[in-house]
Every structure is written in structure tokens, then in C-alpha cells.
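Here are my notes on this model, point by point. Please keep the structure open while you read.

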Amino acid sequence: MKIIKYTLCSVALIVACGDAKLPDPDVIINTSIEVSGGDKFKHSVIDFDFRDRHYSARRDQGYFLLTRTTIVNSDTIVDALDSHDTFSRNINNIKVELPDTMAVKYKASVNAVHYFSVLPYRLNDPAVNKAYMGKSKIKSAAYHKIRITFNADGGGEDHEDVFIYWINTDTFKADYIAYSYTEPDGTGYRFREAFNERYIDGIRFVDYNNYKPQTKDVNLESLGQLFAQNELALLSKIELKNINVKSL
């Protein structure tokens, strides 16, 4: 706790520097990672269930292996993605060759669920770009707004997606997330509100209320204000079940 408090104070000093220099988004994100689990992410096996599928993530010494297990009738389907960007599918322990279009789709799906399960840890990936957008208030709490974009090289199939994170100025936890993504007929938007916070073996996990705009006449930057005005529609709940963490 002393380390975390010291880090928080350091960020507070940077933020208090006034108008001469904007806060450093890297420092804010690093502090958010620290209060959410820090180095515990780097050496762990995390298992959880999400929407009738089982997910497992092993991270150690810079290597990771992300898997998704689906039971269909008597078949066990395991999709796997590793830190070498290698994707594979096994059905009943036998490797299956997939068309490239299907492999890309499954790979993105596996990565997306694991990505959101341990935020903001993944925001220090090499392909991530961060920009400070100022402060705002949601439900009377103050937040740093951090804009996240991705390089095409290493950013995955969805590298054109853009995110905004609302990082609480007191706790440095990511309480809200908005993102834009490409749809066949244009751009889609989502806004997520974190709830059900719990720490398991020192790592923070949350579930999300997942909202969508009620009109297409919006932009990414307006979603926070629309949420505060109760003008977003609840689309679904993102809930992780049966979470288990093993430190390596």
C-alpha cells in the first residue's frame, strides 16, 4: 500500500503542475495498472467463465497464452492465441485447419474477451498510443480522460478502434470506457460502466453495464455526457463468472 500511495501522490503532483504542462497519460495509466494488480498480472494464470464458455490466460516472463473452451454436444473446442500472434483451433485434442477469414474472426473474438477481462493492464502493449484529453465529471466524480488508439503494426485486426478511458482522479481506477468500432454500414459506439468490483489474489476484476447510443447522430467524445444524461440504452451486461487466479 505504501508503494501505491507514493505513486498516487506522484501523479497528483504532476496533475497539480497547472496549465504549463498536461498530465502524462502514461503515468496515469501506469498508476491505474498498479492499483488494479500491477506486476501480479505478469506472472499469473487467470480462469473465468463468460457466456457459457471457459477462458484461461497464462502470462509469464513476457509470454502469454489465451484460450477459449467451448463445449458443443460431445465436442470440446479449444481456440488458442499466443504472444507470437499464433492462433489455433483444436477439436477433441485434434488440430483443425480453418479458412483464413474464420481464423481471423475467432482470433479477434478470443483476444477481445481476454482484453477486457484485465483492463487496464493491456494498455501498455507496444501498439497502444495514449493521449490526455482533460478532465470531466460523471455522477459527481472527477475523471482523467485518456484516448487510446492503436498502431496498424501489432494492433490486430481491429486496430482502427478508438477508446476513451475515464480514470478516477482519486482512486485511479478505470470506472468507464467508451469505444468506437467499424461496422458494415459505418461506425458503431459502446459505453461501459464498471460495477461489481472485486479483488482476487490482488488483481482487480469488474463487470460492465454495456450501453449503446439511441441515435447514430453521436461521436465517441459525447458518450460520457450522454450517459450522465441517461440518454444511452442498456444493451447487455458483461459479467465474468467463477474467476480463479493462480500466481506463478
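1. Start with the cavity lining. By class, the lining of the largest cavity has six nonpolar, one polar and one charged residues. Here Ala, Val, Leu, Ile, Met, Phe, Trp, Tyr, Cys and Pro count as nonpolar, Asp, Glu, Lys and Arg as charged, and the others, Gly among them, as polar. The lining residues are F116, S117, V118, L119, R204, F205, V206 and Y208. Two elements, α3 (100-117) and β12 (203-213), each give two or more residues to this lining. β12 supplies the largest share, four residues.

2. A caution on sources. This is a predicted model, in which local features need pLDDT of at least 70 and side-chain atom pairs count only at pLDDT 80 or more, while totals for chains, interfaces and linings use all residues. Residues are numbered from 1 along each chain as its sequence is written, and side-chain values use heavy atoms, with hydrogens and water left out.

3. The cavity itself. The search of the whole structure finds one cavity of 30 Å³ or more. The largest cavity holds about 50 Å³ of space. On a 1 Å grid over the protein atoms alone, a cavity is a set of points where a 1.4 Å probe fits but cannot get out; a pocket is an open set with protein on both sides within 12 Å along at least five of seven lines; lining residues have an atom within 4 Å of a point. Grid points are joined across faces, edges and corners, and a volume is the space filled by probe spheres set on the points.

4. Seven strands form an open, antiparallel sheet in the order β6-β5-β4-β3-β2-β1-β14. Strands are DSSP runs of E with at least two residues, helices are runs of H or I with at least four, and both are numbered from the N terminus. Two strands pair if DSSP finds at least two bridges between them. β6 (94-96) and β14 (241-247) stand at the edges with a single partner strand each, so one side of each has no neighbour in the sheet. The twist averages 20 degrees from one strand to the next. β1 (44-50) and β14 pair in the antiparallel sense over five bridges. S44 has S247 in β14 as its bridge partner.

5. The other sheet. Seven strands form an open, antiparallel sheet in the order β7-β8-β9-β10-β11-β12-β13. Its edges are β7 (128-138) and β13 (232-238), each with a single partner strand, so one side of each is left without a neighbour. Here the twist averages 25 degrees from one strand to the next. Six bridges join β8 (141-150) to β9 (162-168) in the antiparallel sense. I146 stands opposite Y165 in β9.

6. Contact means heavy atoms within 4.5 Å. Angles run from 0 to 180 degrees between N-to-C directions, with axes fitted to C-alpha atoms, for helices over the stretch in contact. α2 (25-36) lies across β7, β8, β9, β10 (174-183), β11 (186-200) and β12, at about 80 degrees to β7.

7. How enclosed is β10 by the rest of the structure? Eight of its 10 residues are buried, so β10 is largely enclosed. Buried means under 20% relative accessible area, exposed over 50%, and partly exposed in between, with a 1.4 Å probe and protein chains only. β10 pairs with β9 over six antiparallel bridges, and I164 stands opposite A178 in β10. Eight bridges join β10 to β11, also antiparallel. Two residues separate β10 and β11 in their hairpin.

8. Two loop residues. L220, between β12 and α4 (223-228), is buried at 5% relative accessible area. Its contacts beyond four places in sequence include V162, I164 and A178. S74, in the loop between β3 and β4, is exposed at 66%.

9. The second largest pocket. Its volume is about 170 Å³. β11 gives the most to its lining, four residues. The lining divides into four nonpolar, three polar and four charged residues.
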